[in-house]
Amino acid sequence: MKKKQVFLAFLAAGLVLTSSVGSAWAYFTTYVEARGGEVISLGDETTITEEFSEWTKHIRITSDADSEPVYVRAKAFCNAYEFEYIDPSERKDKWTPGADGYYYYSDIVEGGGETTELLVHIKDVPTDEVDQKDFNVIVVYETTPVQYDENGDPIPAAEIDWNGKLDITRVEGGVE
Amino acid sequence: MKRMKRFLKSPKTTVIAFGLAVILLLFSSIGGTRAALTYFSETYASRVQMSNIGVTLLEKSHNDKEFKAVSKRDYSDASNGTWSESTGALLEGMLDKKSGEELTIGKKYKEELKVQNTGDIKQYVRVSIYKYWVDGKAEEGKEAEKIPNLDPGLIELNLVNIAGQDGSGKWLLDEDASTKERTVLYYSDVLEAEGAQGDTTDPFTDTVKINNNIATKVTQTTTTKNGYTTIKTTYDYDGVGFCIEAKVDAVQDHNAEDAIWSAWGRRVTVENETLSLSTVQE
């Protein structure tokens, strides 16, 4: 009986003493947080307009209104006749030939904008109807998004890497 | 003697004695109440001066001329022990929205962040920075859903004043706790109480940039209709939002090693008020 009383007395004393331990382990702390960001807008939709008259193809590339700015290049193929490119702009400096056979448009095409005309003129077409052949003039064009340097200035068209590799994820959309 | 005995045995005497006992008991409790009031008043006055801790995150974004407080959380004993807190948004001054400026990929935007002690006691601070991508088409008022499969490394938040990088930095990079998405920094100096010299850290970032390579990540979907195959290419990062989150923790300078271990779970060493990260974790 006496032992039990002593045990209970020690237990009571222990509880009283340990009640202060909680406050000894508490430290003054505080915190703050904040976050923010912006939405990325990529992507462009462009269309090509071709008109044919007097053995000349008139090419113009137009960008949709909500497209991001792009650079453009174009190239023509003809299986039957020789042809030449003509830049009808006043200073003849809008379309520049590259070593790869493409003609590069020097300006940035903004969303809703379009290039000036590039003419593809078929040369030495026979006037005699008997000698004429069926032929196609195929125009291929490509665009690439305008890139910017760290100051926010556009990287010039001449410095754009048109052969840069894409990191592509391929998805099968099925057969309709 | 007989009279005395008669007096003590008398019922009147009993009633008088009982009345006196009641009066004594009442007076004794009044004295106790007075003592209690005096005691609490003194303790309260002492606590006011010791326990106000507070911290504020400061930002100078691209179009800001000066640092401004973005978020703060200060304890105020003077206001009955309440927390004075406000949470703002980062990057609000990144673009000139009035002129309709849009984000330019590849451009470096100024984004300086630092921490100020806005409490009455000295403190140590650490910062956790998170970078991630979210759904940019989330409804207003709803939290945008995180997109974990996009690369946080393309959000380039440039760190500055990091110890070991330029020799004089005071921010310690905790490489063990850092990942591609999260960066944890500890400030080696103690921050003095608000108003004193040394109450603000050096900046830990200076610019933010979205890497041009986001335009090379595309998905091509191939569909076949009436015998014709169409390949549609879409940009993986078109329409998504980048998000930067900064969380600042502050802890008292007294018994700092144990306090940091208890509050943040990180072993540190503090010598001459300079904090360093311990290499061995327990």
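User: Why are Ala256(B), Ala259(B) and Ile260(B) of helix 3 (residues 256-264) of chain B called buried?

Analyst: This is a predicted model, in which local features need pLDDT of at least 70, side-chain atom pairs count only at pLDDT 80 or more, and totals for chains, interfaces and linings use all residues. Residues are numbered from 1 along each chain as its sequence is written, while chains are lettered from A and ligands numbered from 1 in the order in which they are written. A residue is called buried if 20 or more other C-beta atoms lie within 10 Å of its own, exposed if 12 or fewer, and partly exposed in between, with C-beta atoms placed from the backbone. The residues of helix 3 of chain B that count as buried are Ala256(B), Ala259(B) and Ile260(B).

User: Why can the buried residues of helix 3 of chain B be said to line one face?

Analyst: The arc is taken from the directions that lead from the helix axis to the C-beta atoms. Viewed down the axis, the buried residues of helix 3 of chain B fall within an arc of 95°, so they line one face of the helix. They pack against strand 5 (123-135), strand 12 (240-252) and strand 13 (268-271) of chain B, where contact requires C-beta atoms, placed from the backbone, within 7 Å. Just after this helix, Gly265(B) takes a positive phi of about 70°. Helices (H or I, at least four residues) and strands (E, at least two) are DSSP runs, numbered from the N terminus.

User: Is Asn255(B) buried, exposed or in between, and what makes it so?

Analyst: Asn255(B), in the loop between strand 12 and helix 3 of chain B, has 14 other C-beta atoms within 10 Å, so it is classed as partly exposed.

User: What makes strand 1 (residues 54-61) of chain B an enclosed strand?

Analyst: Seven of its eight residues are buried, so strand 1 of chain B is largely enclosed by the rest of the structure.

User: Why is strand 1 of chain B said to pair with strand 2 (residues 68-76) of chain B?

Analyst: Two strands pair if DSSP finds at least two bridges between them. Strands 1 and 2 of chain B share six bridges in the antiparallel sense, and therefore qualify. One of the bridges sets Leu57(B) against Ser71(B) in strand 2 of chain B. The two strands form a hairpin, with six residues between them. Strand 1 of chain B is also joined to strand 4 (residues 109-117) of chain B, antiparallel, by seven bridges, and Lys60(B) stands opposite Glu112(B) there.

User: What joins strand 10 (167-175) of chain A to strand 10 (residues 217-225) of chain B?

Analyst: Eight bridges join these strands, which run parallel. Asp167(A) stands opposite Lys217(B), and Ile168(A) opposite Val218(B). They belong to an open sheet of three strands, in the order 10(A)-10(B)-11(B), with mixed pairing.

User: What makes a set of residues a nonpolar core, and which members of the largest one touch the most others?

Analyst: A core is a set of buried Ala, Val, Leu, Ile, Met, Phe, Trp, Tyr and Cys residues joined through C-beta atoms within 7 Å. The largest has 50 residues, and Leu57(B), Val125(B), Val127(B), Ala246(B) and Val248(B) touch the most other members. Strand 12 of chain B gives the most to this core, with eight residues. Not counting residues up to four places away in sequence, Ala246(B) touches residues of both chains, including Glu33(A), Ala34(A), Leu57(B) and Val127(B).

Note on methods. Two residues are in contact if their C-beta atoms, placed from the backbone, lie within 7 Å.
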